[in-house]
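Have the structure open as you read.

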Amino acid sequence: MNKSHLLVGGAVAVVCAGILVLFTDIEGSTSLLDRLGREYAGLLAQHHNIVRAAISAHDGYEVGTAGDSFFVTFAGPDDAVACAQQVQ
């Protein structure tokens, strides 16, 4: 299987079989949670809204999320990179 990888900030994208897979993660989120405590939940909700707006704006499909990470697919690299740049 032919794969290639793209890196944009903290996001990793993998092109496989013509579908681009994008994984995102907030760097240092565990220490951020420790530092902010209860305030983190509101910021995480804002983060999710920002990421979902970018996914929608660039024709992505949200496959799943866990904590602050997203697993998203795109038809090609241009939309995935534009989404990652918008989120960053």
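## Where the helix ends

In this predicted model, Asp 59 follows α2 and has a positive phi, near 55°.

## Length of α2

Helix α2 covers residues 39–57, which makes 19 residues. From its first C-alpha to its last it reaches 28 Å, close to the 27 Å expected at 1.5 Å a residue.

Which residues of α2 are buried? They are Tyr 40, Leu 44, His 47, His 48, Val 51, Ala 54 and Ile 55. Looking down the axis of α2, you will find these buried residues within an arc of 130°, so they line one face of the helix. The general rule behind such a pattern is that an α-helix has 3.6 residues a turn, so residues three or four places apart point the same way.

## How α1 meets α2

The axes of α1 and α2 cross at roughly 135° and come within 7 Å. The two helices, α1 and α2, are therefore oblique to each other.

On the α1 side, the contact is made by Ser 29, Leu 32, Leu 33 and Leu 36; α2 contributes Glu 39, Tyr 40 and Leu 43. Sorted by class, this contact of α1 with α2 has 5 nonpolar, 1 polar and 1 charged residues.

How values were computed: Residues numbered from 1 in each chain as written. Predicted model: local features only at pLDDT ≥ 70, side-chain atom pairs only at ≥ 80, totals over all residues. Heavy atoms only, no water. Helix = DSSP H or I, 4+ residues; strand = E, 2+ residues; numbered from the N terminus. Expected span 1.5 Å × (residues − 1). Buried < 20%, exposed > 50% of the residue type's maximum accessible area, 1.4 Å probe, protein only. Arc of directions from axis to C-beta. Axes fitted to C-alpha atoms, helices over the stretch in contact; angles between N-to-C directions. Parallel < 35°, antiparallel > 145°, perpendicular 65-115°, else oblique. Contact = heavy atoms within 4.5 Å. Nonpolar A, V, L, I, M, F, W, Y, C, P; charged D, E, K, R; others polar.
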